[in-house]
Amino acid sequence: ILRLWVGSVDYSDDQRIGPEILKSITDNYRKLRNTIRWMLGSLAHFSASERVALADMPELERLMLHRLAELDGHVRAAYAAYEYNRVVTALTSFMTGDLSAFYFDIRKDALYCDAPSSLRRRATRTVMDMVFHALVTWLAPIIPFTTEEVWLTRFPSETDSVHLRTFWTSPEGSENEALAAKWDRIRDLRRVVTGALEVARRDKTIGASLEAAPTLFVADGADARLFDGLDLAEIAITSGASVETGPAPEGSFLLD
């Protein structure tokens with residue numbers, strides 16, 4: 001935790017440390033550790049025969065590989081400039097915002113319920129394997145003991161070590177700016193649904209989001225077309241969902 005604190009500060013400025021700061025760092029460490037621990041469980045018995053080629057992956061998986069490719073360049077540049085705080089900030093944000101609260105949340109059903117042979121589940125585990133290698137090697141210089149424990153838990157060995165590995169490198173062709181722009185908008189629209197679900201939970205209209213089947217009203221037909229070929233219910237983690245173009249009924253939850 002002290003190493004993570006050192007890695008997260010801007011050493012060109014004066015530093016502060018105390019119980020509250022260490023508590024915050026401890027919380028961050030716990031989130032990192034829990035995210036990696038969940039990946040270890042979800043990747044059990046993963047083999048090379050499961051791998052899915054980039055071109056055959058669903059959009060959501062290709063989006064995550066684009067994000068990894070972005071991070072690849074960012075992390076390498078930050079390490080080269082000795083700006084370790086940029087590494088910690090970028091990876092913490094990715095693990096909490098893109099993985100735990102978005103990608104893993106959406107794909108849990110596929111991991112738990114799809115047949116082992118299904119394309120969606122195999123693509124999810126393929127991407128998760130890449131995410132695992134990327135995060136563990138990128139974090140190894142900052143939290144070496146945790147990453148070594150993680151690596152040897154997945155790949156037991158008397159002679160191997162994560163510190164004998166080089167940084168993970170993103171596959172060629174992973175970057176897709178057009179897809180990223182599309183999904184930035186989809187995630188904006190998803191916030192309308194999750195906001196409405198939060199209100200319904202607070203009012204005790206529903207318990208879990210899977211008790212809901214929302215309708216998303218959009219003013220622009222281009223927004224509606226973003227969901228062509230996609231399942232909004234899967235993205236919003238509800239039992240059903242539909243998209244309509246036009247004004248929302250009175251009393252609907254609204255976002256600008």
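Strands S1 (residues 215–218) and S2 (residues 242–245) run parallel and are joined by four bridges. Strands pair if DSSP finds at least two bridges between them. Strands (E, at least two residues) and helices (H or I, at least four) are DSSP runs, numbered from the N terminus. Leu216 stands opposite Val243 in S2. Buried means under 20% relative accessible area (1.4 Å probe, protein chains only).

The model is predicted: local features need pLDDT of at least 70, side-chain atom pairs count only at pLDDT 80 or more, and totals for chains, interfaces and linings use all residues. Residues are numbered from 1 along each chain as its sequence is written, and side-chain values use heavy atoms, with hydrogens and water left out.

In helix H6 (residues 144–154), the buried residues include Val150, Trp151 and Arg154. Their cover includes helices H1 (2–8), H2 (19–42) and H5 (119–139). The axes of H5 and H6 come within 9 Å and cross at roughly 145°. Axes are lines fitted to C-alpha atoms, for helices over the stretch in contact, with angles running from 0 to 180 degrees between N-to-C directions. Asp129, Phe132, His133, Val136 and Leu139 of H5 make the contact with Thr147, Val150, Trp151 and Arg154 of H6. Contact means heavy atoms within 4.5 Å.

His66 lies in helix H3 (residues 59–80). His66 counts as buried because its relative accessibility is 1%. Its side chain reaches the backbone nitrogen of Asn176 at 2.8 Å. Beyond neighbours within four places in sequence, His66 is in contact with Ser174, Glu175, Asn176, Glu177 and Ala180.

Methods
Buried < 20%, exposed > 50% of the residue type's maximum accessible area, 1.4 Å probe, protein only. Polar contact = N/O pair within 3.5 Å; in protein donor to acceptor, adjacent residues only side chain to side chain.
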